Amino acid sequence: MGSIFRSEEMCLVQLFFQTETAYCCVNELGELGLVQFRDLNPGIIAFQRKFVNEVRRCEEMERILRFLEKEITKANIPIIESAENDKAPCPRDVIELETAFEKLEKELKEINTNQEALKNNCLELIELKFLLQITEDFFEEAESQLSGSELPSEESVSVTGFSRRHSSTSGGGRLKLRFVAGVIKRERFPAFERLLWRVCHGNIVLRHVEINGPTEDRMAGEFISKDVFIVFFQGEQFKSKVRKICDGFHATVYPCPETLHERMEMSAGVNLRLEDIHMILDQTEKHRNNLLLSAAKDIHKWNVKVKKMKAIYYTLNLCNIDITQKCLIAEIWCPVTDLKKVHYTLTKESVQNGSTMPPILNRIETKQTPPTFNKTNTFTAGFQNIVDAYGVGNYREVNPAPYSIITFPFIFAIMFGDCGHGLIMAMMALGMILYEKYHRNIEMNNEILSILYHGRYIILLMGLFSIYTGLIYNDCFSRTFNLFGSAWNVRAMFQPNGPWSNETLQKSPILQLNPAVLGVFSGKPYPFGIDPIWNIAVNKLTFLNSYKMKMSVILGVIHMLFGVTLSLLNHIYFKELNNIFLEFIPEVIFLTALFGYLVFLIIFKWCIFTVYESEIAPSILVHFINMLMFTYSGPAMTPFYCKQRSVQTFLVLIALLAVPWMLLIKPYLLYSDHQRTKHKFSFGDIFVQQAIHTIEYCLGCVSNTASYLRLWALSLAHAELSEVLWHMVLHNGFTANKGLSAIGLTIIFAVFAVLSVAILLVMEGLSAFLHALRLHWVEFQNKFYKGAGYKFIPFSFTDICKK
């Protein structure tokens with residue numbers, strides 16, 4: 001039995017290699033991707049293993065790389081992925097790589113810290129610039145209001161308490177007003193104003209102006225709107241209250257000179273400092289971008305190297321060290337066919353690294369169940385994933401994947417039979433296959449597109465099989481082909497040969513063709529598929545119901561019988577001869593005696609009863625039910641053939657005999673065998689297990705046969721939905737009373753195309769896919785496939801770097 005039909009033969013190998021060359025040997029095994037290491041230290045926790053420091057060093061380098069990648073992404077710099085296979089660095093190069101990472105991280109953090117401080121300083125200077133400008137505008141406005149009236153008296157100046165030149169102090173006035181100026185978030189200002197008014201009892205003058213444009217809050221990482229405010233008050237007591245309120249509302253208070261000259265000098269100094277900071281920020285940003293651009297070229301390569309290093313040291317922690325501390329001992333699972341390749345690779349690597357002792361591989365016997373490994377390629381990987389989703393197969397049992405390559409798309413196509421829709425599906429899959437190189441990065445961007453990409457060969461076969469079944473159904477977007485000419489002739493029904501006349505056409509909305517009339521039916525079936533005349537027949541649905549329902553039962557019984565036959569291959573391979581006579585033979589007898597006979601009746605009726613005798617043909621369903629009930633009297637029990645009663649009675653009796661055959665004989669034989677050997681044996685457990693298997697199989701044959709009727713149901717649903725979409729959209733556009741313009745027809749066709757893709761291709765396609773999946777998992781695979789194994793997960797850098 002080839003490996004494609006059965007999982008690979010595995011062996012457990014004990015591997016010895018020198019500690020000095022262990023790193024390089026494991027590195028080559030990771031590149032090879034053919035072995036799975038066993039943990040020889042299961043009781044030792046992680047931080048007590050020998051290479052734990054090396055693993056932690058790799059984790060620290062991973063942290064640095066994540067920080068660098070985050071900074072590169074934040075700067076909107078594309079990361080260049082290297083197409084080359086970057087090998088893990090040698091142990092002597094790890095320190096140099098680690099030093100380079102730490103230096104890069106330190107430099108980048110210093111740049112970020114300095115840049116952050118400069119930006120905060122710049123923000124404060126910008127706010128101070130706005131404050132000085134707005135404060136100066138306020139004093140100018142107040143001075144203009146005073147100059148617009150008559151010459152102010154000494155008393156009025158003293159009362160107002162401020163002027164542009166003397167600001168809040170008056171040399172000879174009775175009132176000396178002071179002020180506090182600052183910046184506050186705009187949403188906090190209303191509450192800030194109310195609290196000032198209440199605490200100071202209205203003895204203040206508050207002015208505020210909105211700052212044009214939002215300013216960036218570096219701590220919160222967002223843009224906020226702020227206002228400049230200035231509060232005038234009298235006395236030190238009010239000053240302390242105002243400052244406390246400002247602190248409570250997190251308002252920034254800036255020192256604002258009281259005289260015009262000082263304010264002008266401060267404003268000039270602020271502008272000069274802003275120019276210097278902007279220049280420094282530009283230079284800092286350029287230096288930071290250059291640093292990140294340089295890192296972006298190598299970040300992917302560094303990630304790959306660090307992942308490989310970490311995987312190597314993690315794998316070395318699974319090994320044992322001998323008492324001399326000079327040799328590492330490992331145990332690996334390896335396919336038998338690849339054992340020589342593994343040995344050659346290790347020997348070559350040891351020689352290149354100057355090892356004094358070549359690696360030693362000893363194949364050891366074990367009672368442990370080996371992992372299951374099925375070799376796949378780009379074509380078979382999708383079908384193997386479908387099987388593994390149900391459960392990983394037991395070691396060396398029959399693999400359903402090769403058979404599913406044919407049965408899965410065919411069962412899907414039975415439910416999705418439309419050559420037009422199948423052609424679209426096949427073309428879409430073919431496009432993904434032809435442009436495979438350009439779609440490899442899809443899995444990194446979109447999960448749904450990734451699923452479609454990995455299943456491109458499944459979709460291609462589903463589309464091709466749908467074209468085939470669509471031609472059998474003679475269905476293309478709910479339209480039919482008339483390639484070979486219909487076997488039915490309407491003209492022969494008219495006089496003088498037939499009963500119809502022109503009056504008959506006018507009076508009768510529905511007419512029925514009579515095959516007994518000479519020339520109406522040629523007697524020869526349509527060469528391929530269904531006769532196109534059924535597309536215009538009133539009883540089209542009745543005919544297709546009968547046809548597809550019987551077809552579903554036939555295919556379902558054949559599919560289940562094929563699954564039972566595959567169980568025979570498992571019994572022969574594992575040398576379970578008792579199971580052949582005590583399980584396989586009674587299972588085949590039970591299935592064929594009942595449901596195989598049902599298939600025989602369907603085919604027998606098709607072959608014996610012609611179209612002329614369809615009205616008098618007996619009902620298969622009635623005969624099958626009465627067969628199980630041993631009822632053979634009544635007007636509806638016209639036999640299909642002579643001696644039918646004897647044959648059916650015999651079939652029911654041997655089917656009933658197969659039930660105790662499966663249920664009782666195997667537990668009894670096992671019990672007798674253990675009585676002779678005097679081994680411990682639980683008859684109750686064996687009997688219950690066999691009873692569950694027998695009940696599950698017998699009832700499953702009934703329910704599984706009925707489950708295949710979903711082929712009929714979904715096929716009719718797809719055809720009816722397609723026909724409804726045709727008549728409600730495209731047909732109405734072509735048969736409108738007033739001719740539609742080209743633009744109108746284009747719009748209608750676009751609507752028809754969108755609905756066809758969304759409903760018939762996507763929704764119906766997904767529904768048919770899920771039902772085909774269920775028929776394989778439950779109705780087919782449970783006849784021979786246990787799926788209770790565990791998967792072979794090789795130490796492979798290709799798989800590790802994808803994570």
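Residues are numbered from 1 along each chain as its sequence is written, and side-chain values use heavy atoms, with hydrogens and water left out. Because the model is predicted, local features need pLDDT of at least 70 and side-chain atom pairs count only at pLDDT 80 or more, while totals for chains, interfaces and linings use all residues.

Helices (H or I, at least four residues) and strands (E, at least two) are DSSP runs, numbered from the N terminus. The 14 residues of α8 (residues 339-352) should span 20 Å at 1.5 Å a residue, and the end C-alpha atoms are 20 Å apart, in agreement with that value; the expected span is 1.5 Å times one less than the number of residues. Leu339, Val342, Thr345, Leu346, Glu349 and Ser350 are the buried residues of α8. The buried residues of α8 pack against β1 (10-18), α1 (19-32), β10 (327-335) and β11 (360-364), with contact meaning heavy atoms within 4.5 Å. Just after α8, Gly354 adopts a positive phi of about 70°.

Two single residues come next. Lys226 belongs to strand β7 (residues 226-234) and is buried, its relative accessible area being 14%. The Lys226 side chain makes a polar contact with the side chain of Glu127 at 2.6 Å. Such a contact is a pair of N or O atoms within 3.5 Å; within protein, one must be able to donate a hydrogen and the other to accept it, and residues adjacent in sequence count only if both atoms are side-chain atoms. Phe481, by contrast, sits in the loop between α13 (456-473) and α14 (502-507) and is partly exposed, with a relative accessible area of 31%. Neighbours within four places in sequence aside, Phe481 is in contact with Cys419, Leu471, Asn474, Cys476, Tyr526 and Pro532.

Turning to charged pairs, side chains of opposite charge can pair when their charged atoms come close. The whole structure holds 21 salt bridges, each a side-chain nitrogen of Lys or Arg within 4 Å of a carboxyl oxygen of Asp or Glu. Glu71 takes part in a salt bridge with Lys74, where the closest N and O atoms are 3.8 Å apart. Both residues lie in helix α2 (residues 52-74), 3 residues apart, about one turn of the helix. Lys74 is exposed at a relative accessible area of 56%, whereas Glu71 is buried at 6% relative accessibility. Glu71 also meets Arg288 in a salt bridge (2.4 Å, N to O). This pair links distant parts of the chain, with Arg288 in helix α7 (residues 260-316) and Glu71 in helix α2, 217 residues apart. Arg288 and Glu71 are both buried.

Glu583 and Lys666 form another salt bridge (2.8 Å, N to O). The pair connects helix α16 (residues 577-608), which holds Glu583, to helix α18 (residues 644-677), which holds Lys666, across 83 residues. Glu583 is buried at a relative accessible area of 10%, and Lys666 is buried at 17%. Elsewhere, salt bridges with shared partners join Glu60, Arg63, Glu105 and Lys109 into one network.

The search for aromatic pairs finds 37 in the whole structure. Rings of Phe, Tyr and Trp (its six-membered ring) pair if their centres lie within 6.5 Å; planes under 30 degrees apart count as stacked, over 60 as edge-to-face and the rest as tilted. Phe408 and Phe769 have ring centres 5.3 Å apart and planes at 75°, so the pair is edge-to-face. Phe408 lies in helix α10 (residues 401-415) and Phe769 in helix α21 (residues 742-780), so the pair ties together parts 361 residues apart in sequence. Phe408 is buried at 1% relative accessibility, and Phe769 is partly exposed at 23%.

Terms used
Buried means under 20% relative accessible area, exposed over 50%, partly exposed in between (1.4 Å probe, protein chains only).
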